[in-house]
Amino acid sequence: MTGCKSLLCDFQTEIRPKVTFGDNSQGVTKGYGILQTGAVTFKRVAFVSGLKHNLISISQLCDVGFEVSFKKDLGTIFDQNGKVVLCAK
């Protein structure tokens, strides 16, 4: 999910369920697009109005063959060959 529509290409408007944030406010899913970041392409990324941070589903990454590792201050995603494809603090 992202709150920044400009990150998405091939955006398709599709009003979907509301998302409830940690402070109990809500955002509406306005549609879906593709997000390309380096070696990783995320398909069907939801654009949610009001979302202040990009959110990624670790289980969905693992389902398609990526490995995810967390340390105290770093998350790393590896492809099937052990190559780092994405890092985030």
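**View 1. Strand 5 and strand 6 (residues 74-78) pair in the antiparallel sense over 5 bridges.** Two strands count as paired if DSSP finds at least two bridges between them. Strands are DSSP runs of E with at least two residues, numbered from the N terminus. This is a predicted model: local features need pLDDT of at least 70, side-chain atom pairs count only at pLDDT 80 or more, and totals for chains, interfaces and linings use all residues. Residues are numbered from 1 along each chain as its sequence is written, and side-chain values use heavy atoms, leaving out hydrogens and water.

**View 2. A hairpin links strand 5 to strand 6.** Lys-71 stands opposite Leu-74 in strand 6. Glu-67 faces Phe-78 of strand 6.

**View 3. Asp-10 lies in strand 1 (residues 9-13).** Is Asp-10 buried or exposed? Asp-10 counts as exposed because its relative accessibility is 55%; exposed means over 50%, with a 1.4 Å probe and protein chains only.

**View 4. Asp-10 touches Tyr-32, Gly-33 and Ile-34.** Residues up to four places away in sequence are not counted. Contact means heavy atoms within 4.5 Å. Asp-10 and Gly-33 are 23 residues apart in sequence. In space, their C-alpha atoms are 5.3 Å apart.

Key: Helices (H or I, at least four residues) and strands (E, at least two) are DSSP runs, numbered from the N terminus. Buried means under 20% relative accessible area, exposed over 50%, partly exposed in between (1.4 Å probe, protein chains only).
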